[in-house]
Amino acid sequence: MISRHRRAVGIVLALHSAAAVAGLAPPWLLGTIVDRVTAGAGVATVDRLALAITGCVLVSALLSRYAQYAGHRFGERAVAELREEFVNRTLGLPVSVVERAGSGDLATRSSVDVATVGTTVRDVVPTIVIATVQLALLYGAVFLLHPLLGLAALAGLPSIVAVTRWYLRRAAPAYLAEGAASAELTETLTTTAEGARTVEALRLSDERISHGSTRIARLWSARRATLALRTVFFSVVEASYPLPVALVLLVGGFLFFRDAVTLGAVVAAALYLQQAIEPLDRLLQWTEQAQRGFASYARVLGVGMVPPEPPGRTAASRGERLVVRGARFSYTDGQDVLHGIDLQVQPGERLAVVGPSGAGKSTLARLLAGIDAPRQGVVSIGGCPVIELDPAERRRRIALVTQEHHVFIGSVRDNLAFAAPDASDEQMRAALVTVGADWYADLPEGLDTALGDGARQLGAAEAQQLALARLVLADPHTLILDEATAALDPTTARRTERALAAVLVGRTVIAIAHRLNTAHDADRVAVLADGRITEIGSHDDLVAAGGAYAALWHSWHTRAEERQPPR
């Protein structure tokens, strides 16, 4: 980061160095005043030297002010670049990696960690460099006054060096652990807030409170560990500051009575050491802050160290037949969710996948879309493994729409343009009409209506329809609907599904069905249970067979009739 801004860093260091040099003059001038007064100089001499001291202080203050100004400008530019790079790296990751990391972890890295790195770049690095230069100049000035005074000035350094080495060996892992604990807590709070209604409905409040309390306890423990390190570190350092000043005064008194140094030299040496406490304190404090910064920087860079989504290859079109052969998949080693799935979906076919919750339907949808790769077996389209397709080509040919939808901050047009940047306003409006988004007609500014925080808020059903409108604009050949109309009421869902069916004629549609009227309309139905396809065939054939699907259909159909209002 620093190498990309060499000129700005050079200006910051030059200004700080000039301020440090200007700060060396006042102690020397004060020592000169002592010697001149001792020799019988008058008030005029003292006034001139005092005026020079005032001028040096003002020059040092002005140089420090502009050095900080330049440092903050450089730091903000560097942090802006870092945040943009972080977003680009995140967008380049496979979707499965981002989902496993969790929104709380990524939010912490992109906000807290990036801000901490910004402080490190803006303040810590220049401070450490400048404090080191200041200390070298101050101790060098004491040595120039007399070598024995210089040796006495080093009396406090052994204990400081020893405790600093002890601290640095332990600080990095401790601060990494604190950052991880903070991310876990953020993830817990985020997921609990997002699923608040589900938590209330399932009466999971006590469980979520217990889970959150456990994460808080971990963070509290991690912060106690870093606090314990700081307590030892700063206690030893603070106790080491008075020692060299006292020793310089003792040695200086001894040399003064032997006429080896002047009284002004002893005063100047003591003032130099007193002045050295401030940069030494800054150096050690910012060294502690640097550990936080480097730990945060490691977490930010860690995103870039995850292998990005491979470019794959753009396969020559050899058809759009989707084939699954012997597919097995597990989220954790040794525990398969899918067990040897075999399936063929012909181009233009409508296939419904039904089954109980936890059967593996959504997992199968992710494999078909190329988000996850099977542990064994292959999922291919047109003879090419889906996972090996170029990501852009894969998304052009296969689209997965789930019941979880995101409304981006921006206008309705911005939200639709993600799917088709070149789509006209007429095409966008037609897409909204196709999915039954009647609410669009009530928007005061049409496609320019702002959505998101602080603007027009869309409900779950409206957000789903917006996502389906994106789907119409994207116009993929193979479409996977994973309960994509779950948030819509039955009447709206049915109308939306019929409208989509009319638009998607000739395209391959695989629907994870929770409402069995979707299965009724499909060309074939696949029944998934315990990670295996137990039945497959047309709706009529499966009902006639009297198996699991028939029982599921009769049960659902009976409940649907009971829900019908009386005429």
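Predicted model: local features only at pLDDT ≥ 70, side-chain atom pairs only at ≥ 80, totals over all residues.
The lining of the largest pocket draws at least two residues from each of α2 (43-91), α3 (95-101), α4 (103-145), β1 (322-332), α11 (361-369), α12 (391-397), β6 (398-402) and α15 (460-474), where helices (H or I, at least four residues) and strands (E, at least two) are DSSP runs numbered from the N terminus. Residues are numbered from 1 along each chain as its sequence is written, and side-chain values use heavy atoms, with hydrogens and water left out.

The volume of this largest pocket is about 2,500 Å³. Its lining comprises 48 residues, of which V95, E99, I371, L400 and T402 are the closest to the centre. A pocket is here an open set of points, on a 1 Å grid over the protein atoms alone, with protein on both sides within 12 Å along at least five of seven lines, whereas a cavity is a set of points where a 1.4 Å probe fits but cannot get out; lining residues have an atom within 4 Å of a point. Grid points are joined across faces, edges and corners, and a volume is the space filled by probe spheres set on the points. Helix α3 makes the greatest contribution to the lining of the largest pocket, with six residues. Sorted by class, this lining holds 25 nonpolar, 12 polar and 11 charged residues, with Ala, Val, Leu, Ile, Met, Phe, Trp, Tyr, Cys and Pro counted as nonpolar, Asp, Glu, Lys and Arg as charged, and the others, Gly among them, as polar.

The second largest pocket has a volume of about 780 Å³, and among the 19 residues of its lining, E194, H405, H406, V407 and L458 lie nearest the centre. At least two residues of this lining come from each of α7 (196-201) and α15. Its composition by class is six nonpolar, eight polar and five charged residues.

The residues lining the largest cavity include Y139, G156, I160, Y241, P244, L273 and L280. Helices α6, α9 and α10 each supply at least two residues of this lining, and the largest share, four residues, is that of α10. The lining of the largest cavity divides into 10 nonpolar, two polar and no charged residues.

The largest nonpolar core consists of 35 residues, and L149, V248, Y272, L280 and L284 have the most contacts inside it. Such a core is a set of buried Ala, Val, Leu, Ile, Met, Phe, Trp, Tyr and Cys residues joined through side-chain atoms within 4.5 Å, and buried means under 20% relative accessible area, exposed over 50%, and partly exposed in between (1.4 Å probe, protein chains only). Helix α10 gives the most to this core, with 11 residues. Contact means heavy atoms within 4.5 Å; when neighbours within four places in sequence are left aside, L280 is in contact with L135, I160 and Y241. Another core, of 28 residues, lies apart from the largest one and has A399, A423, L466 and A511 among its members.

Helix α10 also contains G293, which counts as buried at 1% relative accessibility. Residues up to four places away in sequence not being counted, G293 touches T116, V117 and T120.

Two residues other than glycine show positive phi values. For R203, phi is near 55°; R203 lies in the loop between α7 and α8 and is exposed, with a relative accessible area of 78%. For D530, phi is likewise near 55°; D530 is found in the loop between β11 (524-529) and β12 (532-537) and counts as exposed at 60% relative accessibility.

Taken as a whole, the protein chain contains 19 helices and 12 strands, and buried residues make up 44% of its 567 residues. The C-alpha trace spans about 120 × 50 × 50 Å along its principal axes. The radius of gyration of the chain is 35 Å, whereas a compact globule of 567 residues would have a value near 24 Å; the radius is taken over C-alpha atoms, and the globule rule is 2.2 Å times the number of residues to the power 0.38.
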